[in-house]
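Let's take a walk through this protein, one piece at a time. Keep the viewer open so that you can follow along.

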Amino acid sequence: MSVFHSSSGENSLLHAYYHGDIIIGGLFPIHLKTNRTNTSGPLSCSDYDVQMFLRSQVMIYAIRKIKLPNITIGYDIYDTCGDVSLAVRATLELLKNQSDPQSCLLPSEPQMKVVIGERYSEVSIAVARIVALSSVAQISYASTSKFLSNRFKFPTFLRTVPSDKYQTRAIVELVKTFLWQSVIIVGSDDEYGLFGSDSLEDTFSQDTNICVEFVQILSADFMTNNSQTQTELIKLLEKIKNSSAEAIILFTKDTNAEIILEAAIKHKVNRTWIASDAWSSSPKISAMPGIELAGEVFGFIFKQKEVPGFKDHVMSMFNGTENALLEDYLTQNPLCSNQSEEERQCLKPSFLASYIDQDESYRIYLAVQVIGEGLRRLLKCGRHQCEHSPKFTTSELLSEIQRVNFNVSTTHVSFNSDGDPRVGYDIVYWNKSEFKQGAKIETIGKYSPDGKNKIMVSAYSCSKICGAGYEFQSEGSDCKPCWQMQYSSDKLDRCLNKRVEFLPWSNPFSVILCSLAATGIIVTVVFAVLFAINLGTPAVKAVGGYMCFLELLSLLAGFCLTFTFIGKPTQNLNCVGLPLFGIVFTLCISCILANLFQILLGFNFDLTIGPWIKKLNQPLVLVTVVSGIQVAVSVSWLIFNPPIPQEIPMRKTTLYQCEMTSFEYFSAMLVYNGCLGLTCFFFAFKGRQLPDLYKNASLITISTMLFMVIWIIFLPLYLTMSGKYKPAIEGAAILTSCFSILFSHLAPKCYIILFRKELNQESAITEYIRKHYERKGLPVIGSRH
């Protein structure tokens, strides 16, 4: 046994070796960082990764469990620090000709017959190109890049973890299952992150209508803690904050994910994260202080199982095992004994055992089992002896490994033609509710890449998604959405029918609106009868004469339109209220405008412009032209893009109401009526000082001001409000507008007709005009009131 440490010299690597008839190589990133910079110099590693150290011990533990008669299996395991250059150097050391260590040529038949590793896809690609020269089988326990499935480029590469080709499909299926509509993809500038991000983007664009808001590729040196990394990180978080994406997919290394989530906690970026297999089961990230502030985390991992007996092996302080990697680790982190546990700072076996994962450790265990099965088949080993000697070629072992088809406990192991295992994923959720700090990684579902692309999610995850506004029904292990008109119960055990919601006729608000509308209709009819009886009197002439009946007709229609906003809208006829109101109210305002024009003409007659004013003084023509423009707008609205009845699904109800499908027509109708209202207000305000016995100009000023104030208040309410009372607000706005005209413009004339008959005389008007001009010291120029 020999030990080398990368910090002791330029060309040394930390590794552990045990002699055997057959040597199995291993590549593990036991240290997290290197001192790589822009300047030249020897590489060294720092910061032990406890989990990766334990995974290297899983390989040694599993190799010791392989029992072949009269054959010893050894190992040669190197620490690569996750660095391509160090991994290439370690690979060359593994393939070095044992009989001639000084030879720089790769032997055709190296003593090392198979290698387990590497973890990162970027490193595995470099290693795979080298070991293929000697036909050495390489079995990775974590490299998932779909690029490695290319048999032409990587003929000796196999893995016990599914390809990213399946993982990206699984992520897309998860997003579709949870009904998310938009996502963000964050990848890294390496083979794993680049291929994964590209595959995700392609799958989303081809198979779904889900929007990818943006794809962010982290720089190659993102792990380096420098100002450039911090700037890149802050920009990424700002983009995430400003986005409406419902999930952020982090398809990158665990070290990158740790930096991003740590910053998300610091800046309180609470979102839903989807973890790729590289970090979805990371105990370091899940245990970060404040991880609950980052939001919900879902992820994908290889089906989790414990390595049989390994936890007990660690708890027994490795049961007397000796190897260089273990000695190096325990030198820096001594284990506690029963006698010294309270006397000095030490590492308890129970604490170390808590770092054992059920993800990559089990895949390493499977890789060793695959090699053991391949050797048994190749050497034709029985219980007591092997028919063949351990003198075989690497290509022979590779062929046997590629054909393995066996069970390890309840896990079936075999490879397809691309060297990928026929296994699926477990879906995990980081449950933060059971802990004050950190999260418990729980399996909540599974994904099967057997051609059905089926997501199976437990009721527990359904309850998490319910919190985001979506309801599901759990049937066994399959999470199925309820029907459109249903929602799930609080316990997620059954679907309940949604309540139908609209503004019913029996609602108190509806009763009030209907009562007011009926009152308005009755009053309008009474006014019409009263004006008809007194048609030739000055008071009726003051409101336009025969034109007042057109104004009353428009107000009558406006009151009647109130009823279209109540009840369940089931056809387009129920949704014509606003477009028709645009027509009837324009007709009403145009009548008032014609009336104002007559008043101004009667009292401000000027000989220089008299002929032009006489030509324009055509009330019926003015009303027709002004109303015709609004009729054209509203009829176009009703023909081409009318409001339509819609079912709006909500959590426990379905809302029936008319939805505005064209804001442009609605805006045009309001703007036009607003302009007419302002014009009336301008003319009425200008005519306030005229000798008008019935104060028409002043009353019209008040009514048009009321109209504009009402719609200024109504518009923001209408645009922001939702629910069954929205149509009631529309009806209330129309009623208020109609009553403002009815009582401000027309009611005072009715009062004069009924109770001040002495004012409803031509002589009274003449006398009033005469006194008005005498007070101003002007000659009386005439009256056309």
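First, some ground rules. This is a predicted model, in which local features need pLDDT of at least 70 and side-chain atom pairs count only at pLDDT 80 or more, while totals for chains, interfaces and linings use all residues. Residues are numbered from 1 along each chain as its sequence is written, and side-chain values use heavy atoms, with hydrogens and water left out.

Now zoom out. The protein has 24 helices and 26 strands; these are DSSP runs numbered from the N terminus, with helices (H or I) of at least four residues and strands (E) of at least two. Of its 785 residues, 53% count as buried. Buried here means under 20% relative accessible area, exposed means over 50%, and partly exposed is in between, using a 1.4 Å probe and protein chains only. Take the contacts between residues at least 6 apart in sequence: 70% of them join residues at least 24 apart. A contact means heavy atoms within 4.5 Å.

Next, helix packing. Two packed helices are described by the angle between their axes and the distance between the axes. Axes are lines fitted to C-alpha atoms, for helices over the stretch in contact, and angles run from 0 to 180 degrees between N-to-C directions. Find helix H15 (residues 508-533) and helix H23 (residues 726-755): their axes are 10 Å apart and the packing angle is about 30°. H15 and H23 are therefore roughly parallel to each other. For that label, angles under 35 degrees count as roughly parallel, over 145 as roughly antiparallel, 65 to 115 as roughly perpendicular and the rest as oblique. The crossing of H15 and H23 is left-handed; a crossing gets that name if the near helix is turned anticlockwise from the far one by less than a right angle, and right-handed if clockwise.

Which residues in H15 and H23 meet? On the H15 side they include Phe-509, Leu-513, Gly-520 and Phe-527, and on the H23 side they include Ala-728, Leu-735, Phe-739 and Lys-749. The residues of this contact between H15 and H23 divide into 18 nonpolar, three polar and one charged. In this scheme Ala, Val, Leu, Ile, Met, Phe, Trp, Tyr, Cys and Pro count as nonpolar, Asp, Glu, Lys and Arg as charged, and the others, Gly among them, as polar.

The structure holds 22 aromatic pairs. Rings of Phe, Tyr and Trp (its six-membered ring) pair if their centres lie within 6.5 Å; planes under 30 degrees apart count as stacked, over 60 as edge-to-face and the rest as tilted. The rings of Phe-527 and Phe-531 have centres 6.4 Å apart and planes at 45°, so this pair is tilted. Phe-527 and Phe-531 are four residues apart in H15, so about one helical turn separates them, and both are buried. Phe-739 is buried at 16% relative accessible area, whereas Phe-743 is partly exposed at 44%. Elsewhere, ring pairs link Trp-637, Phe-663, Tyr-665 and Phe-666 into a cluster.

Now jump to helix H1 (residues 50-65) and helix H12 (residues 360-379), whose axes come within 9 Å and cross at roughly 30°. H1 passes H12 in a right-handed crossing. Among the H1 residues that meet H12 are Met-52, Arg-55 and Val-58. Arg-55 also touches Asp-357, as does Gln-51. Asp-357 lies in the loop between helix H11 (349-353) and H12, and counts as buried at 8% relative accessibility.

Finally, the backbone. Most residues other than glycine have a negative phi, and most peptide bonds are trans. The peptide bond from Gly-117 to Glu-118 is cis, with omega near 0°, and Glu-118 lies in the loop between strand E7 (112-116) and helix H3 (121-131). Ser-135 is not a glycine, yet has a positive phi of about 60°; Ser-135 counts as partly exposed at 27% relative accessibility. Lys-268 also has a positive phi, about 55°, and counts as exposed at 68% relative accessibility.

How values were computed
Lists of a residue's contacts leave out its neighbours within four places in sequence.
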